[in-house]
Amino acid sequence: MLEKNYDFSTLDAKNIEKLVDDDNLQLNHMVLPKGQRLPEHYSNSNVYMIIVRGNMSLELDEQGTHQYHAGQIIAIPYHARMNVVNFDDEILEFFVVKAPNPAKYGRD
């Protein structure tokens, strides 16, 4: 088989899972119920957030909070301070593509 298969959770509980971590990229899948957030952190690569369900409240660096919804892709540059939270009743589900893999920057 040439292809690889990667499974991800389909549950609505809070979940942060690393799906792919190879030389080319890192791919994560995240599910955040209402009131859940990611810890504040700095992007460790070029980050692309693909929202597949719900609404995301996202604050980058010193900008105010912006709202994004299912069907949008947000491109975030390397080393931006990030705050991600779900304030809405609907489950927030999204994929995070990091390219190149953060290991190329010498950190995880």
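**Exercise 1. Find the largest pocket, give its volume and describe its lining.**

*Solution.* The largest pocket has a volume of about 150 Å³. Before going on, please note that this is a predicted model, in which local features need pLDDT of at least 70, side-chain atom pairs count only at pLDDT 80 or more, and totals for chains, interfaces and linings use all residues. Residues are numbered from 1 along each chain as its sequence is written, and side-chain values use heavy atoms, with hydrogens and water left out.

Step 1: the terms. On a 1 Å grid over the protein atoms alone, a pocket is an open set of points with protein on both sides within 12 Å along at least five of seven lines, and lining residues have an atom within 4 Å of a point. Grid points are joined across faces, edges and corners, and the volume is the space filled by probe spheres set on the points.

Step 2: the residues. The lining consists of Ile 16, Asn 28, Met 30, Leu 38, Pro 39, His 41, Ser 43, Val 47, Met 49, Met 82, Val 96 and Lys 98.

Step 3: Eight of the lining residues are nonpolar, three are polar and one is charged. Here Ala, Val, Leu, Ile, Met, Phe, Trp, Tyr, Cys and Pro count as nonpolar, Asp, Glu, Lys and Arg as charged, and the others, Gly among them, as polar.

Step 4: the strands. At least two lining residues come from each of strand 2 (26-32), strand 4 (47-53) and strand 9 (92-98). Strands are DSSP runs of E, at least two residues, numbered from the N terminus.

**Exercise 2. Work out the strand order of the five-stranded sheet and say which strands stand at its edges.**

*Solution.* Step 1: the order. The five strands form an open sheet in the order 1-2-9-4-7, with antiparallel pairing; two strands pair if DSSP finds at least two bridges between them.

Step 1: the edges. Strand 1 (15-21) and strand 7 (73-76) each have a single partner strand, so one side of each is left without a neighbour in the sheet.

Step 2: the twist. From one strand to the next, the twist averages 20 degrees, taken between axes that are lines fitted to C-alpha atoms, with angles from 0 to 180 degrees between N-to-C directions.

Step 3: the partners of strand 4. Strand 4 pairs with strand 9 in the antiparallel sense over six bridges; Arg 53 has Glu 93 as its bridge partner in strand 9, and Met 49 has Val 96. With strand 7, strand 4 pairs over four bridges, again antiparallel, and there Tyr 48 has Ala 75 as its bridge partner.

**Exercise 3. Decide whether Leu 19, Asn 28, Asn 86 and Thr 10 are buried or exposed.**

*Solution.* Step 1: the scale. Buried means under 20% relative accessible area, exposed over 50%, and partly exposed in between (1.4 Å probe, protein chains only).

Step 1: Leu 19 lies in strand 1 and counts as buried at 14%. Asn 28, in strand 2, is buried at 7%. Leaving aside neighbours within four places in sequence, Leu 19 has contacts (heavy atoms within 4.5 Å) that include Asn 28 and Phe 95.

Step 2: a loop residue. Asn 86 sits between strand 8 and strand 9 and is buried at 0%. Gly 35 is 51 residues from Asn 86 in sequence but 5.5 Å away in space, C-alpha to C-alpha.

Step 3: the remaining residue. Thr 10, in the segment before strand 1, is exposed at 67%.

Terms used:
On a 1 Å grid over the protein atoms alone, a cavity is a set of points where a 1.4 Å probe fits but cannot get out, and a pocket is an open set with protein on both sides within 12 Å along at least five of seven lines; lining residues have an atom within 4 Å of a point.
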